[in-house]
Amino acid sequence: MSKDQHGTNQRDIESGVRTDFHNTMSYGSYLDLERILSAQHPVSVPEHHDEMLFIIQHQTSELWLKLMLHELVEARRLLGTDDIGKALKCLARVKHIQKTLTEQWSVLATLTPREYAQFRGFLGSSSGFQSFQYRAVEFILGNKHAGMLKVHEADPKAHELLSNLLNEPTLYDVFLAALARHGYDIPAEVLERDVTKPWTFQESLIPVYKDIYESEDTLWSLYQACEDLVDVEDNFQAWRFRHLRVVQRTIGFKRGTGGSSGVDFLKRALDLTFFPELFAVRTEIGS
């Protein structure tokens, strides 16, 4: 460490630090930063200062959603091979991603109603409702809706991804199949259900989960998997609620840019559930 002539601290560049990247991969080239950092294109005229926040908030959310989906797909694969431990590692990462996504709303919440109103009209019909990655996460967790594919017909890749997930077992389906392989009495109608349909509450699973939670002989990884799924749903609901509150403080009860009813539409999403039996069983434990 040395001091320059003004007395401020300055750290010397170590002799071994590479400084020439004309012919080798750099940090920026590895991350493709030139393309990422040039992907922000405000559409307001004249360009409004706060639109950059709005764009980056949603772009970073999409990156986190991409990673979340990546981890959920891998967790589903691992559960299918009974590699419960590694699947739980994926779910642990998902939970941290969810917390990051929820905390990000605090940044967007700095956008005041007046600031947003000054460029909202330029967004046209674009809306977060159209996020295919968000929809993909919901599909793999069990909240399937075949009608949503129509929203993505103009994007063949997105449509194909969602169509595949619609026709594939959910994370929950694969977990229940794993429980069956471990000797738990999962009804055939549950294991053989139409996976293109949204999950509906199955009363027959309550005794299974009651046994898992109450028995001292339960394999710890299966017990932990149940709790991790509960965490994932709790985190998802926290994200939904934070989204609702930020929208309400920014636009009140205006309609969404994509045509939804706005806050009322988001409120109804709070009633959606992925793993209802894992919550219902809590009433039965110990009784």
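The model is predicted, so local features need pLDDT of at least 70 and side-chain atom pairs count only at pLDDT 80 or more, while totals for chains, interfaces and linings use all residues. Residues are numbered from 1 along each chain as its sequence is written, and side-chain values use heavy atoms, with hydrogens and water left out.

**Stop 1: the largest pocket**

Select His58, Ser127, Gly128, Phe129 and His243, which lie nearest the centre of the largest pocket among its 46 lining residues. A pocket here is an open set of points on a 1 Å grid over the protein atoms alone, with protein on both sides within 12 Å along at least five of seven lines; lining residues have an atom within 4 Å of a point. The space in this pocket is about 1,400 Å³, a volume being the space filled by probe spheres set on the points, which are joined across faces, edges and corners.

Next, colour helices H3 (51-80), H4 (84-108), H5 (113-120), H6 (132-141), H11 (220-251) and H12 (263-269), each of which supplies at least two lining residues. Helices are DSSP runs (H or I, at least four residues), numbered from the N terminus. H3 gives the most to this lining, with 9 residues. By class, the lining has 21 nonpolar, 18 polar and 7 charged residues.

**Stop 2: the second largest pocket**

The second largest pocket holds about 670 Å³ of space. Select Gln59, Glu62, Leu63, Lys66 and Gln133, the closest to its centre of the 21 residues that line it. Helix H2 (33-36), H3, H6 and helix H7 (156-167) each supply at least two residues of this lining. Here H3 gives the most, with 10 residues.

**Stop 3**

Go to tyrosine 30, in helix H1 (residues 27-30). Is Tyr30 buried or exposed? Tyr30 is exposed, because its relative accessible area is 61% (buried means under 20%, exposed over 50%, partly exposed in between, with a 1.4 Å probe and protein chains only).

**Stop 3: Leu219**

Finish at leucine 219, in the loop between helix H10 (206-214) and H11. Leu219 is partly exposed, with a relative accessible area of 43%.

How values were computed. On a 1 Å grid over the protein atoms alone, a cavity is a set of points where a 1.4 Å probe fits but cannot get out, and a pocket is an open set with protein on both sides within 12 Å along at least five of seven lines; lining residues have an atom within 4 Å of a point. Ala, Val, Leu, Ile, Met, Phe, Trp, Tyr, Cys and Pro count as nonpolar, Asp, Glu, Lys and Arg as charged, and the others, Gly among them, as polar.
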